Amino acid sequence: MDVFKIQGGQRLTGKISVDGSKNAALPLLAASLLTSEPIHFTCMPHLSDITNMSKLLAELGCKVEQQSTNEITLQVTDESTSHARYDIVRTMRASVCVLGPLLARRGKVRVSMPGGCAFGDRPIDLHLRGLEALGATIELDGGDIIARADKLIGATIFLGGPFGSTVLGTANVMSAATLAKGRTIIESAACEPEIADLALLLNNMGAKISGAGTPRIIIEGVEQLGGASHTVMPDRIVAGTWAIAAAMTNGDVTIERFPLDHLLAVTNILSTVGVHVKQIDPSENPRTCAVQIVSDRHLKPVMFTTQPYPGFPTDLQAQMMALLCLSRGNSIITEKIYPERFMHVPELSRMGAKLVRQGATVIVQGVDHLVGAPVMASDLRASASLVLAGLAAEGETTISRVYHLDRGYAAMEKTLASLGAKIERVDGSTIVDGLPLVETVSSQKIVQSDC
Ligand code: EPU
């Protein structure tokens, strides 16, 4: 298993560009199940999750053609199989987003029920409640969800849950409703920009969706959908991670294709902390513009809470915690989406961070410096925070299990090295002082499905 070796303390400088969004791309790819015509994507990120989703879609009868690293076309050629098997779903929770499209188009779907994940329970009750409201019958058999409906019928559906709305649940219900008879209204829909991007594709395929990106989405069902081309929106979480990397390393980095408009909660915290965030050309589209991040690392403490969009995203909580470890004073972070999403806390502590956790809140006592150490990646975003800490720390950090990072950051080490970071990917079995040598065979086989 690969390991990242980082020699910390290098100031990041230079220019990079943000790839297409993983969390937009997964439901976008699944939407190709809604038609027999080709769907062509550009700016598709080159990630293991995308490869896994393509494999799943191939099993479900899609012809997948990769034109270049970031360009892919999918076309359904065989509708006979509607079973998303446990083997794939357990490696990637987001496989669940084939549920709505398959049900709407094929009238029957069998999807393995995703289990919990590295940072807690991840129920899908809201997805199922939404599909039932459209007239589906749902049963559980051998760990699989079986959903059936001869014809979905539009309905008014409330998708709010105890932690807000559901992103992939909204994607599932909205996708299914495109082919339902009559009008569907989703109340308390997820407002995340990835939902608006999905609606854009679906509308280009012939769907009639309005209000996507707001809590009330209205879908007028149509008889059928057709082919389309789509450019995947930039990844706001990757963009935020690069911005925090620049901030942590006293850096000066220009980030192109930066979705500034989608990251206001994050850039607001960065500014409060004392990091300079500047849109280089104010006339550029604020969803894909160039932004300069400059930091002199005199960081102030801050208090923030993760929330559904447009609040501070849970997917950047770990990275921002790494930054605040180096602020001058006490910061308070509260996690309101996944109250257990703190796997990075003990690992950051190994690097000298002073962190006190009480339930869903962590108090971060800023320290002068972090110290390199062997640490263990546990899920995608927690791993990213360890990389950031390693970049800023004194000495060497080795991060094992970097396959987590490959799910959401395309060749992360190459992007960071292009900015001057001393980071390399090495074969874990060659590390002498790091953790990989003490990992057991069974721990190496753990498959986490955190996304
Ligand atoms: N929830 C329910 N019932 C449901 C669904 C969700 O109670 O049926 C709860 C969840 O337990 C959670 C909250 O609602 O407390 C939000 O979960 P949501 O359904 O919105 O999460 P998701 O759609 O499964 C996506 C991203 C996650 C991201 C969350 C929240 C993808 C592929 N995944 O997950 O991304 O954290 O939204 O923004 O889009 C990541 O990229 O690292 C990642 C985990």
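Pro 310 sits in the loop that runs between strand E18 (303–305) and helix H10 (317–324). In this predicted model, a cis peptide bond links Tyr 309 to Pro 310, with omega at about 10°. Let's start with the backbone and then turn to the ligand.

**Backbone**
- Most peptide bonds are trans, and most residues other than glycine have a negative phi.
- Arg 257 has a positive phi, near 55°, and is not a glycine.
- You will find Arg 257 in strand E15 (residues 252–258).

- Lys 22 places a polar side-chain atom 3.2 Å from an oxygen atom of the ligand.
- For Arg 341, a polar side-chain atom also lies 3.2 Å from a ligand oxygen atom.
- Arg 381 has a polar side-chain atom 2.8 Å from an oxygen atom of the ligand.
- On its own the ligand has 820 Å² of accessible area, and the protein covers 94% of that.

**Where the ligand sits**
- The ligand takes up the space of the largest pocket.

**Make-up of the shell**
- There are 26 residues around the ligand, and those that come nearest are Asp 125, Leu 126, Thr 166, Asp 315 and Ile 337.
- By type, the shell holds 13 nonpolar, five polar and eight charged residues.

Methods:
Residues numbered from 1 in each chain as written. Predicted model: local features only at pLDDT ≥ 70, side-chain atom pairs only at ≥ 80, totals over all residues. Heavy atoms only, no water. Near = heavy atom within 4 Å. Polar contact = N/O pair within 3.5 Å; in protein donor to acceptor, adjacent residues only side chain to side chain. Areas by Shrake-Rupley, 256 points an atom, 1.4 Å probe, with all protein chains shown as cover. 1 Å grid on protein atoms, 1.4 Å probe; cavity = no way out; pocket = protein on both sides within 12 Å on 5 of 7 lines; lining within 4 Å. Sits in = over half its atoms within 2 Å of the grid points. Nonpolar A, V, L, I, M, F, W, Y, C, P; charged D, E, K, R; others polar. Helix = DSSP H or I, 4+ residues; strand = E, 2+ residues; numbered from the N terminus.
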